[in-house]
Amino acid sequence: MQSSTVPTFPTTFYPPKTLFVPSKIHSFPSKSSILAENCHLFRPIMASLSGFIVRSQMSTSSSGEKGFSTLSEYMGEGGIGLGDELVLLFEHLQYACKRIAALVASPFNSSLSKQSSFAGGDSGSGRDAPKPLDIVSNEIILSSLKNSGKVAVMASEEDDAPIWINDDGPFVVVTDPLDGSRNIDASIPTGTIFGIYRRLAELDHLPREEKATLNSLQSGAKLVAAGYVLYSSATILCTSFGSGTHAFTLDHSTGDFILTHQDIKIPPRGQIYSVNDARYFDWPEGLRQYIDTVRQGKGRYPKKYSARYICSLVADFHRTLLYGGVTMNPRDHLRLVYEANPLSFLVEQAGGRGSDGKSRILSMQPVKLHQRLPLFLGSLEDMEELESYGDVQQKVNPGYEV
Ligand SMILES: O=P(O)(O)OC[C@H]1O[C@](O)(COP(=O)(O)O)[C@@H](O)[C@@H]1O
């Protein structure tokens, strides 16, 4: 867990001037003022992107013109009753994630990873040592949250303790700034995961350290919003504000996240399981039986399942959300606060389920910031079938060195 300054090589492809700042704090600007001040947010019906014609979900602007719906536009005009403060926070989060997207695609990554000052070599070793880009991504997100003025505290997987930012910030942000980064040298997809809670005003009188921790330990049931950004062949920001799960794809030519997957519904049954099954011999009997059964097409769904495992949680989760099935890590590895809660919120909003193999994730009360647990996310029918085997949590947990 180290901190450093953000490196100076060019990562800022989308200048901060693209930030949309509501003109008033307590009432969202009218459609016409949004149009006047932010005409760049409205896109023609078809847009040319790097020579390809792309289609997207359409929205209708107040002028009656059809256009692409950007995330900013969607939040402002979607009739979903989001306050200006959350909209503003999302503008800054989007900006941070665009910078991270540029960073993970940068030709300067390999030289960065050779700099020992970023490598965390002194503070850790092996596969759990922080990778340089984790640390840089953490700095980028922290800086954006500070700039938003809307965040009281940020708790990050990269930091030992939560960072108190602003006494008046209405929100608490929990994040895994760059999940899957152990594979980054091979350009395998990575992702940012985040969850947003309200600051608990009843804790305001407590010392900073204490209120920072307690605010960050809220149950996932209290999430106001959650999301992830997948850095892959496309950069996709998938989010929920508690009314469905929606995904927006980054148009690299404009810097806008365009609504491409509205109201995602995870198929009730998939035909894919996703797990590191080299660990088969460390699994409990129930999990082995489940996997043996669906592999052979002898489960409740009479078709043989396929296996897919990227070993990058956001990428494995994103595929599961779209295609159905179940993605899992049965050992105590993934974190309740930074990973399990936000992703469970998203999968539930899409009609699926998130559990530790026994209990619903969102009903759990975190007791420690970096608490780890088995995690199973997926289609309702697959999750029910998996959990019916009872014994699916891996207790043998040797801490694999890869
Ligand atoms: O080694 P396992 O158990 O397959 O774990 C893989 C999982 O660990 C992660 O890499 C996260 O681990 P870290 O938090 O240590 O980076 C996920 O992206 C991935 O799904």
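Predicted model: local features only at pLDDT ≥ 70, side-chain atom pairs only at ≥ 80, totals over all residues.
Is helix 3 mostly covered or mostly exposed, and how many of its 21 residues are buried?

View 1. Helix 3 turns out to be mostly covered, with 15 of its 21 residues buried. The helix runs over residues 84-104, and its end C-alpha atoms sit 30 Å apart. That agrees with what you'd expect: at 1.5 Å a residue, 21 residues should span 30 Å.

**View 2. The whole chain, for context.** There are 11 helices and 17 strands to find your way around. Across the 402 residues, 46% count as buried. Take the contacts with a separation of 6 or more, and 67% of them come from residues 24 or more positions apart.

**View 3. The shell around the ligand.** The ligand is surrounded by 12 residues, and the closest are Asp 179, Gly 180, Asn 276, Ser 312 and Leu 313. Sorted by class, the shell holds three nonpolar, five polar and four charged residues.

**View 4. The ligand and the two domains.** Which domains give residues to the shell around the ligand? Domain 1 (16-261) and domain 2 (272-387) both do, so the ligand lies between them.

View 5. UniProt, in an unreviewed entry, lists residues 266-389 as "domain: Fructose-1-6-bisphosphatase class 1 C-terminal". In the model, the chain over residues 266-389 is 35% helix and 20% strand. The end C-alpha atoms of this stretch are 22 Å apart.

Conventions
Residues numbered from 1 in each chain as written. Helix = DSSP H or I, 4+ residues; strand = E, 2+ residues; numbered from the N terminus. Expected span 1.5 Å × (residues − 1). Buried ≥ 20, exposed ≤ 12 C-beta atoms within 10 Å, placed from the backbone. Contact = placed C-beta atoms within 7 Å. Near = placed C-beta within 6 Å. Nonpolar A, V, L, I, M, F, W, Y, C, P; charged D, E, K, R; others polar. Domains from an automatic or database assignment. UniProt positions renumbered as here; feature names shortened; annotations may be inferred.
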